[in-house]
Amino acid sequence: MRSDEVGTQGSVADLAQERWGVALGEPFPARFAEAGWSYEEAVDRRCPACEGELHALRRPYESQGRIYQYTALVCPTCPAAFTLADLGVKRYDQLTRKERPGLTITAIAKVPAQPGPGARAGGGPAWPQDLPVPEGAEPRALAWWKAADPTWRPAEAALAAAEDARVILPDGPEYEELRGWLKERDVPYRVSRHWEEAEQVGTVNDTGGRTELVAVPQGAAPAAGPWAVAARDAFAAQWDALEELPEGDADTYVPVGALVPADWAELLPHPSFNPVQAAAVPVVLEGQKHLVVVAPTGAGKTPIGMVAALEAYARGRKAAWLVPQRSLTDELDRDLQLWRSRGLRVVRLTGEAAVDTELIRSADVWVATTEKFEAICRAGSLRDALAEVGCLVVDEIHLLGDPTRGAVLEALLARVREDSAGTRIVGLSATVANAEEVARWLGARLVRTTWRPTRLTWQLPLLDPVDETDWAARAAVRTGAAVRIARQVTDGGGSVLVFCGSKRRVRSTALALAADRGVSTVGVDADDAEAVERLCTGAGVRLHYRDWPYKREAEQAFRAREADVLVATSTVAAGVNLPARAVIVSDTTLGMDRVEVSMVQQMFGRAGRIGAGEREGWAFLLTDPAERAHWQARLAAGYTVRSRLADHVADHLLAEAVQQRLSTLEEAGSWWAGTFAAYQGHDSVEPLHEAAKFLASVGCLRPAADEDRLEPSALGRLTSRFMVDAVLADDLATALRQAPLPDDPLAAENLLADLLSTCLPVLEQAPFTERAKTALRAALRETGRAADEPDTPRRPVPAEAPAPAEDEQRPRAGDLARAVLLLAAHRPALFRGRPA
């Protein structure tokens, strides 16, 4: 049988030998030698060498929460193997239909939010491709239980046969009898005030017989193999987290003056360093070697960054402090207000506010988003100031693995790392599984601790099963569970953060919480922001997301405990510091994508923050029966930082060329060798060649007599300096070339507003409040291009299309963003001043 018929997979050479009996000539890309390839189909292209028939082999891999496919094209006649680029295409579907070149590899499927029947192998769900498979048998006779029913009792035979029996259960009075029963039999147990899980993990069954390691969660399918190992490790982590809290740990704190110069003490937020800070600060002051500090969320890493910045200032150098979100620049800027009052010049840099370049040059400390700092590097006008940066503090350096921000951060760090004599990197990271690997790549010392000022226990409450295709029912069961858990915590005087996967889910969940507190919400439109705010505020429930008009009031109310529940999107997890007693992650997806495990950990880290006066925190990720094992495996394994640079290699190759850091493909290969991507094994330079061909095809690189030369064009320089995706830049340039020549300046402004609002996803999909939507639609009508017009010069309406009725609204995507652009062009006075 052939490989494709029996479903086996091997390298490209293996499949060519097995299917056609031929040995492929070399050289070919390194990834062709990896296992996992399978036969796809014969394609409608001929071999570029001999005109023979080509056959496609493909290999899947996961990136940014999606499954992508590498493609190898094999000609059995030559025999030879080719890449898509060898045939002059960038996407697999271009082998059969001609389109504008786009991405090198094509996304063919979304990673399902939960494993379904199609994802099963060997009788269970497929193990996640990006997680190492645990190996080794469990030698102990284990009988571990999680109980959520006061009438439950473990089997006596299992207790007698087990060499290690343990129970986790709630501490409520209704469980007093069960606790007494366990105590009589000397069964170790630990209690939690808020406990939801019921599960058995072990190698002993109820009759006392030995089995392979198995996990049996109540309400979900039993799990064996690596899934059972993950369940065991999750139980062990929960057991350790529930260890009895010490009476106090004041003796582990160190006075600030004992570790840093006396004149720095007044610039630090607290009079003493906690154990994490006390371990890291001496290392910061020992020398100029790069440093990575890894500690749980809430452990207090900010003072460590402050000491690093002050050390650079003391040497007469600038410090740059990078944070992932604008909201964090706001918070850090407030924290450093004391520095300003003591004479240090601190400047805040984000993409939303213009800052005078002389102010930047004269500043001692820059607080910037990663993207803004990278934009300054690309612009080139501040290279003299950049050369004065002696310390780069990178907050949340584990976001190297973030699908959105990771590639920019990696490219920036690779550049700084190359010039290690000039700028010191001090990375502050949440707990990650491969901290040593990140530190080794940077050439950094590693300081790592598990200490946290409060105890944190995470759980995976199991939702009632519902029809997967019924989205309303799925949302309702998640909302109901969130409301129930929130009620339990707040009834005990605690505060709760509820994270939802979309803004609409935030509003609907907040209304459900208000209704649970006796507020009448019948007939209330969840899109009516004013009504939602008024009703929820009266119930002690507040809302928070990026463009929620009342988010500042929500922050203040939650901090002051005027509200005990805050319902939010993920922006609160990575941005605003709003701790609570408990965190409920209501959704396992953000939009259509699975939420990253690093984001879940950040959400969990908001529970039990000492700044809220809490000593203990609880975190809940609501899971349905099909996805629970998946999430248990990911949380037990921890977050592993994986490079995202290969997903955006064309953009960063162009950026390095624009900054004149490389000018040939050979130099590009040297640059790539210094990236985290190459360090993690993505050492093939073929993606660089494909990226260079793509950049040339869209006009970002100039044609050169020497094919190895990389010379940015005017379009390429603009694309890089404005940090626009190269594919988007080509979309805009193509649309502009195809547009009719405007007759006058006003027509030109209108045309540009139309093109930008429809070609740029960030504008086309920009969120607006209901109040803003009403105002902007009115602005469109005033300009003569009402939002209910269905056509544009670029998208003419067919002659037979009926005209819309005068009162019929048919908005287009991008209409509201177009209104903002037109207002900025025609009435710029409206936009003067810095936004709040």
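# Structural report on a predicted protein model

The protein contains 32 helices and 30 strands. The model is predicted. Of its 836 residues, 52% are buried. Among contacts between residues at least 6 apart in sequence, 65% join residues at least 24 apart. The protein exposes about 37,100 Å², and carbon and sulfur atoms supply 52% of that area.

Strand 8 (residues 142-146) pairs with strand 9 (residues 164-170) in the parallel sense, over five bridges. In this pairing, Trp-144 stands opposite Arg-166 of strand 9. Strand 8 is also joined to strand 11 by four bridges, and these two strands run antiparallel. Here the bridge partner of Ala-143 is Gly-202 in strand 11.

Strand 11 is in turn joined to strand 12 by five bridges, again antiparallel. Val-204 has Arg-210 of strand 12 as its bridge partner. The two strands form a hairpin with five residues between them, and Gly-208 in the turn has a positive phi of about 90°. Six of the six residues of strand 11 are buried, so this strand is largely enclosed by the rest of the structure.

Helix 22 (residues 628-637) is largely enclosed by the rest of the structure, because seven of its 10 residues are buried. Among the buried residues are His-630, Trp-631 and Leu-635. Just after helix 22, Gly-638 takes a positive phi of about 85°.

Helix 29 (residues 745-759) holds Leu-752. With a relative accessibility of 42%, Leu-752 counts as partly exposed. Together with Leu-736 and Leu-756, Leu-752 forms a nonpolar patch on the surface, with about 240 Å² of accessible area for the three residues together.

## Salt bridges

The count of salt bridges comes to 49. The table presents some of them.

| Residue pair | N to O distance |
|---|---|
| Arg-59 and Glu-34 | 2.6 Å |
| Glu-388 and Lys-318 | 3.7 Å |
| Glu-656 and Arg-661 | 3.4 Å |

Arg-59 and Glu-34 meet through their side chains in a salt bridge. Arg-59 lies in strand 2 (residues 53-63) and Glu-34 in the loop between helix 2 (12-20) and strand 1 (38-46), so the pair ties together parts that are 25 residues apart in sequence. Arg-59 is buried, with a relative accessible area of 12%, whereas Glu-34 is partly exposed at 35% relative accessibility.

Glu-388 forms a salt bridge with Lys-318. This pair links distant parts of the chain, 70 residues apart: Glu-388 is in the loop between helix 13 (383-386) and strand 20 (389-395), and Lys-318 is in strand 17 (residues 318-323). Glu-388 is partly exposed, at a relative accessible area of 37%, while Lys-318 is buried, at 6%.

In the salt bridge of Glu-656 and Arg-661, Glu-656 counts as buried at 2% relative accessibility and Arg-661 as partly exposed at 38%. Elsewhere, salt bridges that share partners join Glu-138, Arg-140, Asp-164, Arg-166, Arg-232 and Asp-233 into one network.

Conventions:
Residues numbered from 1 in each chain as written. Predicted model: local features only at pLDDT ≥ 70, side-chain atom pairs only at ≥ 80, totals over all residues. Heavy atoms only, no water. Pairing = 2+ DSSP bridges. Buried < 20%, exposed > 50% of the residue type's maximum accessible area, 1.4 Å probe, protein only. Contact = heavy atoms within 4.5 Å. Areas by Shrake-Rupley, 256 points an atom, 1.4 Å probe, with all protein chains shown as cover. Patch = residues over 30% accessible without salt bridge, like charges linked within 9 Å, V, L, I, M, F, W, Y side chains within 5 Å. Salt bridge = Lys/Arg side-chain N within 4 Å of Asp/Glu carboxyl O.
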